[in-house]
Amino acid sequence: MELDHQFMAEAVRLAKAAVAHGNEPFGAVLVKDGKIVCTNENQIYTRHDLTYHAELGLIRKFAEESGITDLSDYTLYSSCEPCFMCSGAMVWTKLGRLVYGASSIDLCNLIGEQGCACSEMVFAHSYLKPKVTAGVLKEECIAVLKAYFQK
């Protein structure tokens, strides 16, 4: 559990960095055997690519750099529950475990929209799905989202 907090803290740091770089507040960290192997922040505005979310960007970056497309031995830490698109990518890459802080519903509550449990919905209908741990450093993650979306 302490490692989960350590790696989520890095995802939160990346979410803050994303904002500083002109993007939305989301960060992701990929870990294998207790070591960070790749990190990424949301880059939708700086890359002019609305699909370059922290998680999907991390998966693309890691696969390109390593040649590895099977993530069954990896854990992905995300500051916020992944969207449908990113959750789908996690299924296709056979991600072993997902750990996230704020939920999609937490985010939607902040922006005044009705939310849903995106990753849960995708994983419920997939034969390959990661183990999920939700709510790690949740309050810290919500604070970063709140600072950005309630401006």
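Predicted model: local features only at pLDDT ≥ 70, side-chain atom pairs only at ≥ 80, totals over all residues.
Residues are numbered from 1 along each chain as its sequence is written, and side-chain values use heavy atoms, with hydrogens and water left out.

Q: Is Glu-55 buried or exposed, and what is its relative accessibility?
A: Glu-55 lies in helix α2, residues 54-66, where helices (H or I, at least four residues) and strands (E, at least two) are DSSP runs numbered from the N terminus. Buried means under 20% relative accessible area, exposed over 50% and partly exposed in between, with a 1.4 Å probe and protein chains only. Glu-55 therefore counts as buried, at a relative accessibility of 5%.

Q: With the side chain of which residue does the side chain of Glu-55 make a polar contact?
A: Leaving aside residues up to four places away in sequence, Glu-55 touches Ala-28, Leu-76, Ser-78, Cys-80, Pro-82, Cys-86 and Met-90, contact meaning heavy atoms within 4.5 Å. A polar contact is a pair of N or O atoms within 3.5 Å; within protein, one must be able to donate a hydrogen and the other to accept it, and residues adjacent in sequence count only if both atoms are side-chain atoms. The side chain of Glu-55 makes such a contact, at 2.5 Å, with the side chain of Ser-78.

Q: The backbone nitrogen of which residue does the side chain of Asn-42 reach?
A: Asn-42 is found in the loop between β2 (35-41) and α2, and is buried, with a relative accessible area of 2%. Among the residues that Asn-42 touches, not counting those up to four places away in sequence, are Ala-18, Phe-26 and Tyr-52. At 3.3 Å, the side chain of Asn-42 reaches the backbone nitrogen of Glu-24.

Q: How far apart are the end C-alpha atoms of α2?
A: The expected span of a helix is 1.5 Å times one less than its number of residues. The 13 residues of α2 should therefore span 18 Å, which agrees with the separation of its end C-alpha atoms, 18 Å.

Q: Which element supplies the largest share of the lining of the largest pocket?
A: α2 and α4 (104-111) each supply at least two residues of the lining of the largest pocket. The largest share, four residues, comes from α4.
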